[in-house]
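Hi,

Here is the structure I promised to pass on to you. Have a look at it first, and my notes on what turned up follow below.

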Amino acid sequence: MNIAEIRHLSFAYNETKSVLHDVSFSLEEGKYYCLVGHNGSGKSTLAKCLMGLQSEFEGDIILFGLPLDRKNLFSIRSRIGIVFQNPDNQFVGSTVADDIAFGLENKRIPREKMQSIIDDFAAKTGMAEYLDREPSMLSGGQKQRVAIAGVLAMGPDLIIFDEATSMLDPKGKKEIIDLVHQLRKENPGLTILSITHDVEEAARADEVLVMNKGSILMQGKPEEVFSRIDDLKAIHLSAPFFYELRAALIERGLKIPEDIKTAEQLEEYLCR
Amino acid sequence: MPINLQDVTYVYNPKTPMEKKALKGVNLEIKEGSFTALVGRTGCGKSTLIQHLNALLSPTEGAVVIDSFHNDSNKKRRDKKTKDLRKNVGLVFQFPEYQLFEETIEKDVAFGPKNFGDTKEEALEKAHRALESVGLDESFYTRSPFEISGGEKRRVAIAGILAIKPKYLVVDEPTAGLDPSGAKDIMDLFKKVHEQGTTVILVTHDMDIVLSYCTDVIVLDHGKVALACKPQDLFGTEVEQYSLQTPQLYSFASKLESRGMALDHDAVKDVASLADEIIKRRNSR
């Protein structure tokens with residue numbers, strides 16, 4: 001089932017600055033998508049449209065079977081969770097527990113139920129020991145985990161990560177990406193759309209969408225997309241290490257069999 | 001002259017319950033003309049250290065010696081010379097685009113030189129040169145710095161520091177949040193600045209950048225210098241203990257080596273040079 005259908009979406013901030021042109025794609029329930037593209041390609045604007053933060057678009061955005069319009073905005077939003085780029089810009093609570101509780105309070109969940117929900121999602125994100133801590137005293141990776149816990153507590157069907165790892169150090173990045181994979185195992189119906197510059201993250205997704213100049217240039221499995229290295233280069237994007245090295249070796253006249261699909265296999269082949 | 005840190009200790013909020021020792025007796029030399037990377041996990045003291053280099057912070061104990069400037073706990077001795085120091089040591093903070101404030105891009109970039117005593121004309125001239133060096137042409141001069149893309153904003157902010165022509169350029173994670181091609185553009189810019197004779201000190205988490213661009217690397221761990229060496233020598237050591245990731249390129253090369261393919265370490269700097277080395281070794285078999 002498709003949880004998102006985007007048809008002929010166009011958007012312009014003003015008459016001279018058109019950002020999205022005729023964008024069409026769909027997202028299937030339970031899959032993990034990575035949206036890549038260089039700065040200014042329209043990724044963030046697309047995300048804003050999906051979140052209902054930009055309403056002046058042309059075309060159709062259908063989420064969970066409902067067209068995104070004023071009437072459906074709130075019921076659609078209640079099913080989408082967003083984790084933003086800057087971990088410091090998304091805290092409202094004075095402790096980790098308060099912060100996770102914020103969304104629940106807005107939903108008027110009774111206090112008795114709230115505590116167990118908070119405990120549950122703090123545990124799932126590895127933050128159970130930090131419930132009494134002040135969010136500002138946590139590391140970047142921990143902050144993003146709190147943000148994810150707060151989002152999960154709302155029981156979303158779709159989570160959008162808007163460059164959620166780009167301000168983290170390598171360890172924090174890995175923590176968050178591993179957590180995403182773990183969440184997917186626990187919630188098979190959860191759909192994830194991650195807007196990212198991290199091609200190594202994208203290599204582990206189910207599907208990769210490539211944006212350029214406001215259009216979707218490619219959509220497909222990571223191995224399909226990243227094998228088109230010349231097309232990616234043409235729009236100043238790089239591929240994960242394995243694909244880059246494979247292309248460089250082929251360019252230098254080396255023949256590499258089709259069935260070699262990982263760096264480990266390539267290493268094996270080269271040393272044979 | 002190199003920059004010297006002599007037994008530098010820095011304590012945040014001393015004598016309060018929030019007291020935190022961020023630097024613990026750091027001894028360090030940053031060579032003039034080098035492209036030095038400062039690496040280590042979040043919270044290891046990198047940002048605290050670089051703020052000592054242009055006297056935004058002064059050591060609680062010890063001293064930082066930059067040319068004739070002594071940055072130590074004795075503030076009186078220092079005051080008059082601080083301005084000169086700041087002209088020599090340009091510091092680009094993390095997410096410098098947050099600091100843009102002027103109506104037009106050229107005015108924003110000219111702010112530094114003007115502040116250091118240039119006339120309006122001189123300052124604008126320097127601003128234009130600096131904008132040129134970051135790849136922004138005349139069409140940007142009179143635009144607002146708030147209506148351009150994130151990557152462009154960052155380049156404007158960097159131009160603002162380059163315009164004062166610092167002898168030492170200190171940059172804190174200049175590629176954070178940029179896409180790979182934006183990151184490469186920025187790093188190539190610093191490479192050019194370095195080749196023109198500026199000493200560049202770079203804080204980064206990206207080990208691929210350290211390997212491709214830097215001449216020296218310093219690893220900080222819990223407020224102390226854990227390692228100071230050449231980038232190529234860093235990745236042979238157990239860097240994971242400092243929360244650093246060995247670049248994929250390097251670990252791939254190491255694995256080939258452990259399986260008997262002898263590669264020339266110093267030649268491997270990026271994917272292209274790794275591919276060249278592999279082809280060379282295979283052909284010579």
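**Salt bridges within the chains**

A:E28 and A:K31 form a salt bridge, with 3.9 Å between the closest N and O atoms. Please keep in mind that this is a predicted model. Both partners are partly exposed: A:E28 has a relative accessibility of 34%, and A:K31 has 23%. Over all chains, the count comes to 27 salt bridges.

Chain B has some pairs to look at too. B:E103 and B:K107 meet through their side chains in a salt bridge, at 2.7 Å from N to O. Here B:E103 is exposed, at 56% relative accessibility, while B:K107 is partly exposed, at 36%.

The other pair I picked out is B:E277 with B:K280, a salt bridge whose closest N and O atoms are 3.1 Å apart. Both residues sit in helix α10 (residues 271-283) of chain B, and because they are three residues apart there, about one helical turn separates them. B:E277 counts as buried, at 3% relative accessibility, whereas B:K280 is partly exposed, at 47%.

**Where the chains meet**

How many residues does each chain bring to the contact? Chain A gives 33 and chain B gives 32. Between them the two chains bury about 2800 Å², and 61% of that is on carbon and sulfur atoms. On the side of chain A, the residues that lose the most area to chain B are A:F241, A:R252 and A:E267, which together account for 22% of what that side buries.

There are three salt bridges between chain A and chain B. B:R259 forms a salt bridge with A:E268, with the closest N and O atoms at 2.9 Å. Five residue pairs are in polar contact across the interface of chain A and chain B. In chain A, the elements that give two or more residues to the side touching chain B are α6 (170-186), α10 (241-251) and α11 (263-271). Of these, α11(A) gives the most, with eight residues. By type, the residues on that side of chain A divide into 13 nonpolar, eight polar and 12 charged.

**Chain B as a whole**

Chain B holds 10 helices and 10 strands. Its radius of gyration is 20 Å, close to the 19 Å that the globule rule gives for 285 residues, so chain B is as compact as a globular protein of that length. The C-alpha trace of chain B spans about 65 × 50 × 35 Å along its principal axes. Of the 285 residues in chain B, 53% are buried. Among contacts in chain B between residues at least 6 apart in sequence, 61% join residues at least 24 apart.

**A few single residues**

A:Q144 lies in helix α5 (residues 140-152) of chain A and is buried, with a relative accessible area of 0%. Leaving aside neighbours within four places in sequence, A:Q144 has contacts that include A:V83, A:F84, A:L168 and A:I176.

Most residues other than glycine have a negative phi. Against that background, A:H8 has a positive phi, near 50°. A:H8 is in strand β1 (residues 2-14) of chain A and is exposed, at 51% relative accessible area. B:A55 also has a positive phi, of about 65°, although it is not a glycine. B:A55 lies in the loop between α1 (46-53) and β4 (61-66) of chain B and is buried, at 5% relative accessibility.

Best wishes

How values were computed. Residues numbered from 1 in each chain as written. Chains lettered and ligands numbered in written order. Predicted model: local features only at pLDDT ≥ 70, side-chain atom pairs only at ≥ 80, totals over all residues. Heavy atoms only, no water. Helix = DSSP H or I, 4+ residues; strand = E, 2+ residues; numbered from the N terminus. Buried < 20%, exposed > 50% of the residue type's maximum accessible area, 1.4 Å probe, protein only. Contact = heavy atoms within 4.5 Å. Buried area = accessible area lost by both parts, 1.4 Å probe. Salt bridge = Lys/Arg side-chain N within 4 Å of Asp/Glu carboxyl O. Polar contact = N/O pair within 3.5 Å; in protein donor to acceptor, adjacent residues only side chain to side chain. Nonpolar A, V, L, I, M, F, W, Y, C, P; charged D, E, K, R; others polar. Rg over C-alpha atoms; globule rule 2.2 N^0.38 Å.
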